[in-house]
Amino acid sequence: MEEKYDFGLVGLGVMGRNFILNVADNGFSAYGYDLDPEKVAALKEEGGHEAKVNAATNIKTFVQALKQPRKIMLLVPAGKIVDAVIESLLPHIDRGDIIIDGGNSFFTDTDRREAYLHDKAINFFGAGVSGGAKGARLGPSIMPGGSKSAYQHIKPIFEAVSAKYKGEPCVAYLGPKSSGNYVKMVHNGIEYGLMQLTSEVYDLLKKAGDFSNEEMHDTFSKWNAGRLQSFLVEITSKILEQKDELGLDKGHLVDQILDKAKQKGTGKWTSQNAMDLGIPVPSIDIAVSMREISGLKDERIEADKLYDRPEIEKLDKKELEKMAEEALYFSFIITYAQGLHQLADASKEYNYNLDITTIAKIWRAGCIIRAGLLADISEAFEADKDLPNLLLSSHFIDKVKSTVGSTRKLVAHAAANGIPLPGISNSLTYFDAYTSSRLPLNLIQAQRDFFGSHTYERLDKEGIFHTEWE
Ligand SMILES: NC(=O)C1=CN([C@@H]2O[C@H](COP(=O)(O)OP(=O)(O)OC[C@H]3O[C@@H](n4cnc5c(N)ncnc54)[C@H](OP(=O)(O)O)[C@@H]3O)[C@@H](O)[C@H]2O)C=CC1
Ligand SMILES: O=C(CO)[C@H](O)[C@H](O)COP(=O)(O)O
């Protein structure tokens, strides 16, 4: 009898093709499935040896090639395709088999699918994968949620293929049901926030400091060697040195890219769900809004003609670079703080039983939001696992205190000079509000009671009060 394969993968696109080759590189035999015969043929060729990597366009052949309990990962576009693939697998798989959705599926879809498949005795995992094509090939961060006992079957494969941080795998069982997809969604929300912040600093260096692309390349490289070390700062430095091969002037590619940022939805879902839960994540909200504003290119061009802008007062390059590093570091901290706060509250709301330390640890390598800061963040949560907010951790007080001053100066300078810094200023405002023992929302309570008899509480007496204001 022919030897069966350890792992199956549906969807041989950007992520799937790379993930399956990674599985094979780590000593597991793997079988791929895609509707497209060219992708199947390409994988077989790239996989080299048929006993190690094989693939088919026939779903029955694919399923029958796998060892039981079958471990079948889907890396197909989120949405209806995931349901369609599950339906096409069902006639061929057996009780106890495991389906893993590795895509960016919406978490309530994962709950629905998990309940549907649970009734058929099929184990279903939502396991977000981060790291892009290169990560999938060489070591991503993986965020699995589902049945703890069934996880034992996929654990050896996931631990082998995942990125490693100082030898520790960047994957861990996170919790039941949709917990893995939820964590990946918030990962992407933080990703949106950090990308927005990086783009603001790039804009500020250019406009307030006349930095050239070469100079910014050097600045981001230098920052990446320090406490801002992160994948997004690293790739920003690389992007800034990339020459344009298509354009006529052979300048830098970044200058020729249309300033309209697209989105597939995960950042927006993070914001929407944070609103549902009542968790403030303004650094993420504004990153979503900025992608939307960026899309209004024609209107922006019209509006630009209608309103004057102040002439920008230039800052000393060295001083600006130092302040920008501090503001970016400060705003990165605030963005992680908001995302992790959301995870902690969602964990209670949806009974995920998430361990924030574990999440911070599996984000230290492999994923798009990997950063040196995550080692400090995991230590902060290790010291206090019930920490409500990073800003309350003794590990972060000095880091925040020493960088907030520059953030204030840059936000003020940018506002006075008409340079939009929405992510950095939202991060600062969040900080100022979160650290205020008294906010002016007493007035809002009074207004609500004035016009709608909505009542209010008092500082000096227990109870619920209403005033006839007029
Ligand atoms: N790209 C990235 O950097 C990342 C993507 N993700 C997520 O991973 C998932 C996959 O993304 P990605 O690899 O980029 O997407 P791609 O579109 O590159 O690949 C999806 C693959 O699935 C195939 N497919 C579609 N429908 C079916 C079907 N019914 N049966 C079998 N195969 C099918 C597609 O074939 P065809 O093209 O012929 O339709 C394609 O080969 C998504 O949820 C995405 O959000 C997560 C992290 C990073
Ligand atoms: O999951 C990812 C990385 O972690 C994807 O790259 C992400 O989906 C990109 O999102 P968007 O297209 O909305 O910018």
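Let's start inside helix α17, where Phe396, Thr403, Val404, Ser406, Thr407, Leu410, Val411 and Ala414 are buried, meaning that 20 or more other C-beta atoms, placed from the backbone, lie within 10 Å of a residue's own. Helices such as this are DSSP runs (H or I, at least four residues), strands are E runs of at least two, and both are numbered from the N terminus. This is a predicted model, in which local features need pLDDT of at least 70, side-chain atom pairs count only at pLDDT 80 or more, and totals for chains, interfaces and linings use all residues. Residues are numbered from 1 along each chain as its sequence is written, while chains are lettered from A and ligands numbered from 1 in the order in which they are written.

Now follow α17 along its length. Its 23 residues, 394–416, reach 34 Å from first C-alpha to last, close to the expected 33 Å (1.5 Å times one less than the number of residues). A kink of about 35° is centred on Val404, taken as the angle between axes fitted to the seven residues ending there and the seven starting there. After the helix comes Gly418, with a positive phi near 70°.

Next, look at the ligands. Around ligand 1 there are 25 residues, of which Gly11, Gly13, Met15, Gly103 and Asn104 come nearest; a residue counts if its C-beta atom, placed from the backbone, lies within 6 Å. Elements α1, α4, β6 and α6 each supply at least two residues of this shell. Asn104 is also among the residues around ligand 2, along with others including Ser130, Glu191 and Lys264. Here α8 and α11 each supply at least two residues.

Notes: Buried ≥ 20, exposed ≤ 12 C-beta atoms within 10 Å, placed from the backbone.
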